[in-house]
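Here's a quick tour of one protein chain, from a single side chain out to the whole fold. Have a look at the model first.

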Amino acid sequence: MTSSYPVPPFGKPFIEASSKRIRVLFGGKYIVDTKQAKLVWEHPNYPLYFFHTSDLASSHLRPTSQAQEGVKIYDLVVGDREAKNAVTEFTDKESDLAGLLKVNFSAADAWLEEEERIYGHPKNPYKRVDVLQSSRHVRIEVKGVEIANTKHPRLLFETNLPVRKYMPLTDVRVDFLRPSDTTSVCPYKGVANFYHVELPNGEVHKDIIWYYRTPQPECVQIMGFLAFYDEKVDVWVDGEKQK
């Protein structure tokens with residue numbers, strides 16, 4: 001039977017209604033509180049929330065001199081707080097986005113779906129993330145130096161992304177690890193911290209390992225496990241070198 005649902009990744013913009021209550025917090029005020037938000041895919045793999053112009057009071061919008069065809073750009077203002085160029089209104093009547101506006105996700109203090117806070121960007125309803133315990137034998141080398149060796153990886157399968165191999169800290173050469181100040185945010189997994197790898201010859205490979213101290217509930221199995229950028233290291237799985 002042929003499905004009537006669209007198949008990601010989508011062309012842009014792809015628009016669909018959201019059934020969730022969405023609130024946007026800025027400057028101690030919910031500047032948006034709506035049950036009529038739209039999910040819009042400007043990028044192929046994840047959406048952002050767009051709103052009807054009536055969902056955000058004009059008193060919080062200060063026009064800017066930014067000139068772009070088919071859009072108006074506003075500063076977001078609440079009392080003494082402001083976020084420059086944080087709101088985009090789509091004015092091209094020929095566009096599917098006409099009558100909608102977008103608040104830059106990072107400009108707001110917090111975003112809520114119903115009563116749950118979200119991070120990074122909204123979750124893609126067409127994506128799933130699965131973590132599975134595996135018994136595959138995984139080895140990692142950097143410039144010929146073995147950094148990790150385990151038969152107990154946890155494999156993270158995320159739609160449209162490479163399978164990531166999370167390894168117990170006890171199966172990684174911790175003497176080569178150097179803490180990094182780098183962090184990243186994923187709405188599915190949480191806030192990641194990073195390590196550099198310093199080889200015996202003093203060569204440093206920056207931010208090639210990451211881990212989650214307190215992952216989101218759906219990915220709690222990877223808590224404290226380490227993942228490597230396969231693209232930046234040499235990886236063997238069950239004795240076969242990965243390309």
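With which side chain does the side chain of Trp 210 make a polar contact? The partner is the side chain of Tyr 166, at 2.9 Å. A polar contact here is a pair of N or O atoms within 3.5 Å; within protein, one must be able to donate a hydrogen and the other to accept it, and residues adjacent in sequence count only if both atoms are side-chain atoms.

Before going further, note that this is a predicted model, in which local features need pLDDT of at least 70 and side-chain atom pairs count only at pLDDT 80 or more, while totals for chains, interfaces and linings use all residues. Residues are numbered from 1 along each chain as its sequence is written, and side-chain values use heavy atoms, with hydrogens and water left out.

**Around the tryptophan**

Trp 210 sits in strand β19, which runs over residues 204-212. Strands are DSSP runs of E with at least two residues, helices are runs of H or I with at least four, and numbering starts from the N terminus. Leaving aside residues up to four places away in sequence, Trp 210 touches a set that includes Arg 164, Phe 194, Phe 228 and Tyr 229; contact means heavy atoms within 4.5 Å. Leu 25 is 185 residues from Trp 210 along the chain, and their C-alpha atoms are 30 Å apart.

| Residue | Relative accessible area |
|---|---|
| Trp 210 | 7% |
| Cys 186 | 11% |
| Cys 219 | 0% |

**The cysteines**

Why don't Cys 186 and Cys 219 bond? The sulfur of Cys 186 has its closest cysteine sulfur in Cys 219, but at 7.0 Å that's too far for a bond. A search of the whole structure turns up zero disulfides, a disulfide being a pair of cysteine sulfur atoms within 2.5 Å.

**The whole chain**

Zoom out, and the protein chain has 22 strands and zero helices. Its C-alpha trace spans about 60 × 55 × 35 Å along the principal axes. Of its 243 residues, 45% count as buried. Looking at contacts between residues at least 6 apart in sequence, 49% join residues at least 24 apart.

Terms used:
Buried < 20%, exposed > 50% of the residue type's maximum accessible area, 1.4 Å probe, protein only.
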